[in-house]
Amino acid sequence: MQSKTIILLSLFFSAIAGLNVQGSFGSAVSVDADVDTTINFGIAGINPSLTINVDQDAQVTLSLLVSAETSPLPRGYNLLTQSAGAATNIGYTFNVTPSTATFSANLTGGILAQTALALLSQVNIKAGLLQFDATAKTYNQIAVAVPSIAQQLSFSLPSVGSYAFVAFNIQSPIPTFYGYARQLAANVANRIVYLVNATEQFAINVTSSVQTDLKVDYSTSISGAANFDGYVALDAYFQIETASPAQVAANLSYTFDQAVLAAKGITADTLVFAYQTASGWKIDGSATVSGNVVTQGTTHFSQWGVYGQSGTSNAATIFASISLIICTIFTLL
């Protein structure tokens, strides 16, 4: 009877304390449902490690993310090198099967390299976690953290995928996936950037009157007529919305590809943002073009598109008009 009691107590305390198992990078580890399980990938229980709780029996895999698997980082971001057992790396790819399993997971990285610690000691530099979409070649900033006394970083993982440990300047734009709800603090300027492709990107510099979530979706086509009043669509449309009503002051910026403009016969200095209404597309305010970036202010969100006019540029049209007037004057004289 005493031995049975000891066994039951042992199982009870094991359930409370959770389970520790040894794992290896790239190999699946079996995890039982509803048990806090810590998978150690270092030697003798040394981090990196992954603590996970799943709602059903599952297979959990953690693989090393190497530099060759990532795309160029967003401006102001740098990779943080850390130890990973006998190797060094900059992040991890995390997977759980079956895909129907729901989980909570916390990842603790390896010991940060001295170069990484030196980078984080600089003014305005913080440590963060970027989720990497290998298909779209884009990033999404997930969290910000401070290194522990053991010189390691820990983050909660919201979903399966690839994650890179980074240092970033707090004044840099926040990289975000399309369709991702990015929280806006009230009365604080937020600059958020979304990648369209290797040469084009969309950015919002926005201040909201209330705390709310901002979501942007991107598409290359819309229902109904795209062109209007002599304006030609660049086929770049952005559905912008907040989760709750808010007064916003925002600048929309689009980094365009000159080859796209040339193919459509559009001149850069005619580019504008237009928004869609029940009666069609409308232009609200004026845009400025600097280099390959068109920027325009707005105080409301809806579906926006980038447009331009084909033919002679505004500057050339004005010059031609002035020349015609001068020639007319001299003819009359």
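**Entry 1: a strand pair**

I looked up Ala 274 and found that its bridge partner is Ile 283 in β23. I noted that strand β22 (residues 272-277) and strand β23 (residues 280-283) pair antiparallel over 4 bridges; two strands count as paired if DSSP finds at least two bridges between them. A hairpin with 2 residues links β22 to β23. I took strands as DSSP runs (E, at least two residues), numbered from the N terminus.

I record that this is a predicted model, in which local features need pLDDT of at least 70, side-chain atom pairs count only at pLDDT 80 or more, and totals for chains, interfaces and linings use all residues. Residues are numbered from 1 along each chain as its sequence is written, and side-chain values use heavy atoms, with hydrogens and water left out.

**Entry 2: the largest pocket**

I searched for pockets, a pocket being an open set of points on a 1 Å grid over the protein atoms alone, where a 1.4 Å probe fits, with protein on both sides within 12 Å along at least five of seven lines; lining residues have an atom within 4 Å of a point. The largest pocket has a volume of about 440 Å³, taken as the space filled by probe spheres set on the points. Its lining has 22 residues, of which Leu 73, Pro 74, Arg 75, Leu 195 and Gln 201 are the closest to the centre. The elements giving two or more residues to this lining are β12 (138-145) and β17 (190-195), and β17 gives the most, with 4 residues. I counted 11 nonpolar, 7 polar and 4 charged residues in the lining of the largest pocket.

**Entry 3: the second largest pocket**

The second largest pocket holds about 240 Å³ of space. Of its 16 lining residues, I list Gln 141, Ile 174, Gln 183, Ala 189 and Asn 190 as the closest to its centre. At least two lining residues come from each of β14 (161-169), β16 (182-184) and β17; the largest share, 3 residues, is from β16.

**Entry 4: aromatic rings**

I found 19 aromatic pairs in the whole structure, where rings of Phe, Tyr and Trp (its six-membered ring) pair if their centres lie within 6.5 Å. The pair Phe 228 and Tyr 231 is stacked (planes under 30 degrees apart), because the ring centres are 5.4 Å apart and the planes lie at 20°. Both Phe 228 and Tyr 231 are buried, that is, under 20% relative accessible area with a 1.4 Å probe, protein chains only. I also noted one aromatic cluster formed by Tyr 178, Tyr 194, Phe 202, Tyr 218, Phe 238, Tyr 254 and Phe 273.

Conventions. Ala, Val, Leu, Ile, Met, Phe, Trp, Tyr, Cys and Pro count as nonpolar, Asp, Glu, Lys and Arg as charged, and the others, Gly among them, as polar. Rings of Phe, Tyr and Trp (its six-membered ring) pair if their centres lie within 6.5 Å; planes under 30 degrees apart count as stacked, over 60 as edge-to-face and the rest as tilted. Buried means under 20% relative accessible area, exposed over 50%, partly exposed in between (1.4 Å probe, protein chains only).
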